[in-house]
Amino acid sequence: MWAIAGIIAVIIAIIMFEAPSLRRKQLRKELWVFSILLLIGFGLGVAISLHMKLPPALDWIIVIYKPLTDALIGLLK
Amino acid sequence: MLENGKIGVRQLTILVILISIGDAILVLPSIPAIEAKQDAWISVVIGLAIGLPIVYLLTIVGKLYPGLTVVEYNEKILGTWLGKAISLFFLSYLFFSAAAHLRESSDFMITNIMPETPIMAINILFLGIIVMGARLGLETLTRTAEILFPWFILLLLMFILFLIPQADIKNMLPVLGEGIKPVIRGSIASAAFPFAELVVFLMVFPYVNQTNRIRRSFLLGALLGGIVLIAIVALSILVLGADLVARNIYPSFFMAKKISIGNFLERVEAILAIIWFISIYFKITLYYYAFNLGLAQTLKLREYRFLTLPSGMILLLLSLMVAPNITYYNEVISKYWPNLDFTYSILLPLLLLGVYALRKKFKRNM
């Protein structure tokens with residue numbers, strides 16, 4: 001619970017730090033990208049702090065590169 | 001312009017040296033040593049021989065559009081949508097790489113230097129200066145590299161000199177006892193980690209002020225970095241022996257503990273930790289900076305600095321999520337990561353060059 005509160009506090013701090021100048025310059029697309037990134041960060045943070053079972057982020061590299069790596073190593077055996 | 005800074009060619013060379021040494025100074029010796037045993041240093045020599053043509057290929061691509069970064073000329077060469085898609089893949093590679101390196105640095109800290117500190121605390125501290133470096137921009141970052149570089153070289157020379165008395169030539173024999181194949185297997189990672197990862201410089205080339213001298217200084221930097229790595233790997237085998245090098249995750253740190261000069265200079269392994277902090281800091285920061293700059297250029301944003309804090313937060317969390325434990329991490333990094341590096345440092349440049357050549361030919365026929 002405290003972890004989630006901490007994440008929200010960090011996000012609010014980032015918004016207070018960056019958003020006013022973006023709003024002042026009327027950078028709408030920039031504000032969208034900024035919010036989407038923060039949302040991704042919030043999602044990841046909550047998932048980690050609730051100890052959800054997430055697959056390790058490097059798993060997709062194994063999935064994609066396993067055939068190539070095995071072929072390459074087999075060639076050099 | 002998103003980035004107004006300009007760097008000189010000498011600064012470029014320094015940055016290339018630091019980034020090619022990068023994390024490799026700490027982790028590289030063990031990866032080829034697992035395959036090639038006492039011939040790991042030959043693996044790194046072959047790695048340099050494979051790496052320099054890759055680096056040359058990168059400079060050819062960098063010359064296509066001297067004023068633009070790779071993310072920008074992706075769209076010119078491949079068309080808007082395909083270009084944007086490839087750019088996003090490239091940027092996610094940079095971001096993952098930054099996260100993996102951040103994880104590597106904090107793993108090293110909690111296993112060797114500060115075992116009781118939570119990994120999050122180390123990550124947050126390190127991320128703080130990374131975000132700061134990326135916000136200040138390329139020019140400031142490079143000048144910092146220039147200031148730290150003499151210290152880096154001094155510590156490196158001290159490290160090598162102090163260890164020479166411990167070297168034993170018997171550890172390196174027999175040379176090529178098991179044939180050349182294990183040596184080549186070991187050279188894959190030795191080519192990827194220092195040299196293929198220099199692909200990030202495709203984001204830096206437009207900001208170098210003497211375009212015609214980029215190739216020379218880029219190759220020079222990679223060559224010098226490679227020589228340092230050959231020296232470190234050879235020294236670690238001479239001092240520790242192939243078996244210990246292959247068993248350790250951080251052989252050069254282990255080797256630094258062996259420094260002992262006249263019962264006076266003992267336990268100076270922090271020298272190696274400082275060398276490595278300097279080089280990995282610039283590596284992570286340049287990757288992270290290139291990611292933010294590239295994202296702003298892909299999405300046609302007018303600034304990139306506001307992206308650094310939110311993406312820094314994601315980077316921090318991703319570095320925790322990269323791998324459940326250090327064994328898994330090392331397995332993936334030593335086996336599969338080199339091919340990921342080659343995808344972006346060989347396949348992407350070849351694709352760009354091929355499509356560029358086809359477009360030119362097609363235009364002339366019309």
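Reader: How should I read the confidence of the prediction, and what pLDDT does chain B average?

Author: Where pLDDT is low, the predicted coordinates should not be read in detail. Chain B averages a pLDDT of 87, and 99% of its residues score at least 70, while for the complex the predictor gives an ipTM of 0.89 together with a pTM of 0.92.

Reader: Which elements make up chain A, and what is its radius of gyration?

Author: Chain A has three helices and zero strands, so that the order from the N terminus on is α-α-α. Its radius of gyration is 20 Å, whereas a compact globule of 77 residues would have one near 11 Å. The C-alpha trace of chain A spans about 60 × 35 × 15 Å along its principal axes, and 17% of the 77 residues count as buried.

Reader: What does the secondary structure of chain B come to, and why is chain B described as compact?

Author: Chain B holds 16 helices and two strands. It is as compact as a globular protein of that length, because its radius of gyration of 20 Å is close to the 21 Å that the globule rule gives for 366 residues. Of those 366 residues, 54% are buried, and among the contacts in chain B with a separation of 6 or more, 83% join residues 24 or more positions apart.

Reader: How many residues does each chain bring to the contact between them?

Author: For an interface, one counts the residues on each side and then asks which elements supply them. Here 28 residues come from chain B and 28 residues from chain A. On the side of chain B that touches chain A, the helices α9 (181-192), α14 (308-321), α15 (326-335) and α16 (337-365) each supply at least two residues, and α14(B) gives the largest share, with nine residues. Sorted by class, this side of chain B has 21 nonpolar, two polar and five charged residues.

Reader: Where does the kink in α1(A) lie, and which residues of that helix are buried?

Author: In a helix, one can look at its span, at any bend and at the residues that face inward. Helix α1 of chain A, residues 2-24, reaches 33 Å from its first C-alpha to its last, close to the 33 Å expected at 1.5 Å a residue. A kink of about 35 degrees lies at A:Glu18, shortly before the proline A:Pro20. The buried residues of α1(A) are A:Ile7, A:Ile14 and A:Glu18, and they pack against α2 (28-49) of chain A together with α14 of chain B.

Reader: Are B:Lys37 and B:Lys300 buried or exposed?

Author: One counts the C-beta neighbours of each residue. B:Lys37 has 21 of them inside 10 Å and therefore counts as buried, since the cut-off is 20 or more. B:Lys300, in the loop between α13 (270-298) and α14 of chain B, has 9 inside 10 Å and so counts as exposed. Phi is positive at B:Lys37, about 50 degrees, and also at B:Lys300, near 55 degrees.

Conventions
Residues numbered from 1 in each chain as written. Chains lettered and ligands numbered in written order. Predicted model: local features only at pLDDT ≥ 70, side-chain atom pairs only at ≥ 80, totals over all residues. pLDDT = per-residue confidence, 0-100. Helix = DSSP H or I, 4+ residues; strand = E, 2+ residues; numbered from the N terminus. Rg over C-alpha atoms; globule rule 2.2 N^0.38 Å. Buried ≥ 20, exposed ≤ 12 C-beta atoms within 10 Å, placed from the backbone. Contact = placed C-beta atoms within 7 Å. Nonpolar A, V, L, I, M, F, W, Y, C, P; charged D, E, K, R; others polar. Expected span 1.5 Å × (residues − 1). Bend = angle between axes of the 7 residues up to and from the residue.
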